[in-house]
Every structure is written in C-alpha cells, then in structure tokens.
Amino acid sequence: MEFEIKGTPFPVVICHLNRGEAMLSDSGAMAWMDPCMNMETTSNGGFGKALGRMFSGETMFLNRYTAEADGKIAFASSFPGEIRKIDIEPGKEIVVQKSAFLASEEGVERTTFFSKKFSAGMFGGEGFIMSKFSGNGALFVEIDGCLVDYDLAPGQQIVVDTGYLAMMDATCKMEIQSVSGFKNKMLGGEGFFNTVITGPGKVYLQTMPISAIAGTLAGFMPAK
C-alpha cells in the first residue's frame, strides 16, 4: 500500500491499494474511491470488540474496503488539522484519544484502553476509555490543529492541559494531578485538573482540541 496526504487545513489521505489489499475505517470516513473497491461492514472481531469501540467513542462497526483491482481510496479529516501515519508493529503499541482513528491496514488491531486510575477518566479530558492499537501495519489518525511530539525519558514527566493529549506510546503512564490552591482552581481558568504523562515513550500533543474550540464558541452563543 502506498499513500499520499494532501490539503490543509482539511487534509485527506489517498491510499493506493494493490489487488487484494484492504483498509479499515469507521463509518463516514471514506471520501472517494475507485469502483474496484468492495465495501463490507463488519464487527471486525465480534460483538465484544464492537461494544468496546462504542464505549471508546468510535462507531460500533467498521467498514472494510478491499481492492478487487489496483485502485485508490481516500479518507478525509473531519476537523481542521493534520493526518499522521503511524507505523504499528509488534512491541510498538500506541494509545490514541477517542475519535482520532481515521483508517488502518487490516493487520492493525484496535482494542479498548482503560486508564489504571479512575480519576484519569473522570477528569483527564479525553475520557476514561481510549483506543489502543497493536499488530502490524499503517495507522492513520486525524489531529486537531498541529501536532507536537516529545520523547520522554524513563521517569520524565510532562503536564498537559485537558484535551491536548492526542496520543502516547503504550509504555507511557497517564495520571491526573489536581491544580494546587483554591484560588488557582476557581480563578486560574485552567480547570481543576491536569493530565500528567510519565515516560519512557513518545507523547503527541495537539494544538487545537475540538473540546477547547467548543468551549470558546459557547461563550458567543446567544442564550435561549
């Protein structure tokens, strides 16, 4: 499979498949394709995995597109930002925020990832449940705004405001840290909690999370 990413600020990834190759995506992600692409809606692992995807903010069922001849298929971003390709291989797993999944090769497996601490789910911004990707193949994710990544050494930490965590290596740990001081909580404008990521591993941060945009726009909406 070969690919090209085009466009800004609403990018699209165009995948060129050889006969017999297949791609998986959530419903609604496909933008255009050649007639040789055969679509099949599937649970991709049974009802249990479909239910897990629903809890992680994804669609219950996936669309599998199989090339019956050499051809192309395009998957478009739903929000201004970037599309990034992540190479998944044995021993290199990644945890991704909900709704970031765009498409993947068939060898990539998606499972539900639960934060070890319940507080991380209640206050961490991107939810108690995220998606974990393993297996072997190309994974395409959509990022809100631009992507900035950091390599964390063992024990090294970074403090992230709510919603800005896009992805992290599965070797990283995620915890929640309360903002100190009552005045800081009430008047600081940064919320009550921050997400703390601890290495080793790479952490990927996005500059324009949709949750932050929604909060900004809400202040301009007329009251009913």
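What percentage of the 224 residues in the protein chain is buried? Buried residues make up 42% of them, where buried means under 20% relative accessible area, exposed over 50% and partly exposed in between, with a 1.4 Å probe and protein chains only. This is a predicted model in which local features need pLDDT of at least 70 and side-chain atom pairs count only at pLDDT 80 or more, while totals for chains, interfaces and linings use all residues. Residues are numbered from 1 along each chain as its sequence is written, and side-chain values use heavy atoms, with hydrogens and water left out.

**View 1. The protein chain as a whole.** The secondary structure comes to four helices and 19 strands; helices (H or I, at least four residues) and strands (E, at least two) are DSSP runs, numbered from the N terminus. The accessible surface of the chain is about 11500 Å², and 57% of that area belongs to carbon and sulfur atoms; areas come from the Shrake-Rupley method with a 1.4 Å probe, and for residues only the protein chains shown count as cover. Of the contacts between residues at least 6 apart in sequence, 77% join residues at least 24 apart, a contact being heavy atoms within 4.5 Å.

**View 2. The open sheet of four strands.** The strand order is β1-β2-β7-β4, with antiparallel pairing; two strands pair if DSSP finds at least two bridges between them. At the edges are β1 (2–6) and β4 (30–33), each of which pairs on one side only. Neighbouring strands of this sheet are turned by 20° against each other on average, direction ignored; axes are lines fitted to C-alpha atoms, for helices over the stretch in contact, and angles run from 0 to 180 degrees between N-to-C directions.

**View 3. Strands β2 and β7.** Strand β2 (residues 12–17) and strand β7 (residues 71–76) run antiparallel and are joined by six bridges. C15 stands opposite I73 in β7.

**View 4. Two cis peptide bonds.** Most peptide bonds are trans. The bond from T8 to P9 is cis, with omega near 5°, and P9 lies in the loop between β1 and β2. A cis peptide bond also joins G199 and P200, with omega about 20°. P200 is in the loop between β18 (193–198) and β19 (201–206).

**View 5. The backbone at S99.** S99, a residue other than glycine, has a positive phi near 75°. This residue sits in the loop between β9 (94–96) and β10 (101–105). At 43% relative accessibility, S99 counts as partly exposed.
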